[in-house]
Amino acid sequence: MMFRNPILHCRDCGAKVSYRLPDDGDTKLRAICTDCHTVHYENPLNVVGTVPFWGPDGEQVLLCLRKIEPRKGKWTLPAGFMELGETTAQGAHRETVEEAGAQIELGELFTLMNVARVGQVHLYYRARLLSADFNPGYETIEARLFTEEQIPWEEIAFRTVRETLERYFADRRCGQFAFHTVDID
Ligand code: ZN
């Protein structure tokens with residue numbers, strides 16, 4: 001199955017690649033350079049983000065209104081693709097600063113969601129907001145706090161965000177936060 005656009009050229013030498021089985025017994029088609037024979041493996045990407053909460057009991061959560069595609073005009077938790085050279089926690093913190101301009105203290109890892117269909121793993125940390133002043137970046141129209149009753153459930157950008165928010169408010173009602181692994185199909 002192809003998850004992203006196929007690789008066309010070798011990252012090492014620029015020659016054309018062809019998708020074929022490597023000679024080493026590998027059973028998956030790989031992008032192999034027709035000139036230098038480098039095998040280019042394609043693996044899942046990590047998306048990292050936070051559930052920024054506010055108030056003594058964390059009754060409000062920060063959502064960002066997306067200014068860019070995909071899902072422009074829908075609400076999301078701050079999250080994005082992890083960069084090379086950073087940890088998952090650093091990436092989640094960075095995305096929260098970039099998208100919401102929020103000051104946070106990063107907490108525990110809260111959800112791990114496999115989105116195998118598109119070759120992604122999404123990780124959300126709980127994060128205590130240190131201020132209710134936000135300064136949204138270029139990807140965000142507006143950053144705003146919502147109680148559970150105010151969450152625009154029909155206007156949430158991504159299934160992984162909805163799944164994470166549902167678990168956040170369910171755990172909050174129980175008075176205890178757990179770690180959740182979810183397989184999205
Ligand atoms: Zn090559």
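The legends below describe several views of one predicted protein model.

This is a predicted model in which local features need pLDDT of at least 70 and side-chain atom pairs count only at pLDDT 80 or more, while totals for chains, interfaces and linings use all residues. Residues are numbered from 1 along each chain as its sequence is written, and side-chain values use heavy atoms, with hydrogens and water left out.

**View 1. The order of helices and strands in the protein chain.** The protein chain has two helices and eleven strands, where helices (H or I, at least four residues) and strands (E, at least two) are DSSP runs numbered from the N terminus. Read from the N terminus on, the elements follow the order β-β-β-β-β-β-β-α-β-β-β-α-β, and the C-alpha atoms fill a box of roughly 60 × 35 × 30 Å, taken along the principal axes.

**View 2. The length of helix 1.** Helix 1 covers residues 88-100. Because its expected span is 1.5 Å times one less than its number of residues, the 13 residues should span 18 Å, which agrees with the 18 Å between the end C-alpha atoms. Gly101 follows helix 1 and has a positive phi, near 60°.

**View 3. The buried residues of helix 1 and their partners.** In helix 1, Gly91, Ala92, Arg94, Glu95, Thr96, Glu99 and Ala100 are buried, that is, under 20% relative accessible area with a 1.4 Å probe, protein chains only. The buried residues of helix 1 pack against several strands, among them strand 4 (45-54), strand 5 (60-66) and strand 8 (104-115), with contact meaning heavy atoms within 4.5 Å. In the protein chain, buried residues make up 42% of the 185 residues.

Key. Buried < 20%, exposed > 50% of the residue type's maximum accessible area, 1.4 Å probe, protein only.
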